[in-house]
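Thank you all for coming; I would like to walk you through one chain this morning, going slowly for anyone who is new to it. Please have the sequence and the model open as we go.

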Amino acid sequence: MSQTELRSHDGQATTVSEKAITVLAEMLRGRLVQPSDPDYDDARAVWNGMVDKHPALIVQCAGVADVITSVNFAREHDLLVAVRGGGHNAAGNAVCDDGLVIDLSPMKGVRVDPLAQTVRAEGGVTIGDLDHESQVFGLAVPMGVVTETGIAGLTLAGGIGWLRRKYGLSCDTLVSADVVTANGELVTASKGNNADLLWALQGGGGNFGVVTSFEFRAHPIGRDVFFAFVIHPGTGSDAQAALQFYREWSQATSDEISSFAILWHAPEIDEIPAAHHGAPIVVYLAMYAGNPEDGEAALQSLRDYGSPIADLSEATPYLDVQRFFDADYPAHEMRYYWKSRYLNELSAAAIDALIRLNEASPSQHSTLDVWQLGGALSRVPPQNTAFGDRSAPYLIGIEANWESPDDDAVCIEWGREVFRALEPFSSNREYFNFPGLYEEGDQSVRDTFGANLGRLQSVKRKYDPNNLFRLNHNIPPSDRSS
């Protein structure tokens, strides 16, 4: 009998009969994609162009029944499993070599209840899909800042966006979720049912099963908001002063304001004078979640600072703010390596390090993003969600972004150098939506989840005792050292 070579869930070579694979395909309402299919390369491609993995089987799920069938098949044949929502994970864990991919991307259903102000969304929905359906009712769910991002992975690892200081993280708005667990059972996680699982899904990642749908609380947001977009020189004393001002300003803002200071190199666009093209810059970006006129007044002090290269601030449709970064992160084209550090403070030494490291970037597409935290997201006690500690005032997004495979080594090393250089100014926690390649492994999981780790392991033992779902910031059912 003909056999197909695959990889087991612990990385060993294994085989599955062609007959079993044929039976799997016949059981699906969706489609099974294999390497011999003409669209295989399209089906395995993810957002990060650096990721080039070759799964043996890709199940493009049409609904929950396909997910259950896929999980049962993987468990029964002891296969390595990857779960794909939007396919936007920077580390590329939405696909795997020689294993089975459970692809939720065809599952795009969104239902808004404008009276209850809730939104139900399936596991393949992107931020853009969710925004499109909710904004027509004057509602929004706090999500990330690139609309091609899938809501699933984003939410399960926290979810930080333009509404973070007003309404919290994406995972904070999670009311319930439908989850296919490792034994192939569909369960609902809510405060009234499987509350331990709901808690774990709020920042604990994809460790516990395949989330086929999410129910979120939505919040009012008008069609237009005020958006500040101010560009300053990014070298020497100019950059130091700009970041010092941002530090003082960001510590005194209302919850309606969520902002960044981004260290970058000026792109060649008409809005920036040609003399600055390619030079280091500091960019202030801020959105006011409220009346645009109030927002313009609230953000005026940020705009008044110094002598900016350009001030492109204006009242802007909320959906356009959500799409603001999209063009900078094209799918399948650019190559990405993202890590993160939570800063205990934006000290003078940390500022100097950020400026130096930005100037040294081998790619002008790369950025160092200073995320303003605090506000609503910081007021959730660490034990209330798996996400844990929220006390840091800033998050540094370390984004190595580049175009050519020839630059992989130098750009990844720059990202790692930044990560190392910022260690003295930070806690050891990471934001797992910017995971690098999970190089720190178990240590990062211990550091990030801290006192919540033991409880997370208990939930893992209950819903996935054999660690079927391991391609993530993996929480082992028990200590690996034991």
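This is a predicted model: local features need pLDDT of at least 70, side-chain atom pairs count only at pLDDT 80 or more; totals for chains, interfaces and linings use all residues.

Let me begin with a term: a disulfide is a pair of cysteine sulfur atoms within 2.5 Å. By that rule, the structure holds 0 disulfides. For Cys61, the reason is that the closest cysteine sulfur, in Cys96, is 13 Å away, which is too far for a bond.

Residues are numbered from 1 along each chain as its sequence is written, and side-chain values use heavy atoms, with hydrogens and water left out.

Turning to the whole chain, we find 15 helices and 21 strands, where helices (H or I, at least four residues) and strands (E, at least two) are DSSP runs numbered from the N terminus. The C-alpha atoms fill a box of roughly 75 × 55 × 45 Å along the principal axes. Of the 482 residues, 57% are buried, meaning under 20% relative accessible area, with exposed being over 50% and partly exposed in between, for a 1.4 Å probe and protein chains only.

Cys61 is one of the buried residues, with a relative accessible area of 0%, and Cys411, at 1%, also counts as buried.

Which residues does Ser70 touch, leaving aside its neighbours within four places in sequence? Ser70 sits in helix α3, residues 64–76, and is in contact with Val59, Cys61, Leu100 and Ile102, contact being heavy atoms within 4.5 Å. Ser70 is itself buried, at 0% relative accessible area, and its C-alpha atom is 9.5 Å from that of Ile58, 12 residues apart along the chain.

Finally, the cavities. On a 1 Å grid over the protein atoms alone, a cavity is a set of points where a 1.4 Å probe fits but cannot get out, and lining residues have an atom within 4 Å of a point. Of the 46 residues lining the largest cavity, the closest to its centre are Asn89, Ala152, Gly153, Leu154 and Asn433.

Methods: On a 1 Å grid over the protein atoms alone, a cavity is a set of points where a 1.4 Å probe fits but cannot get out, and a pocket is an open set with protein on both sides within 12 Å along at least five of seven lines; lining residues have an atom within 4 Å of a point.
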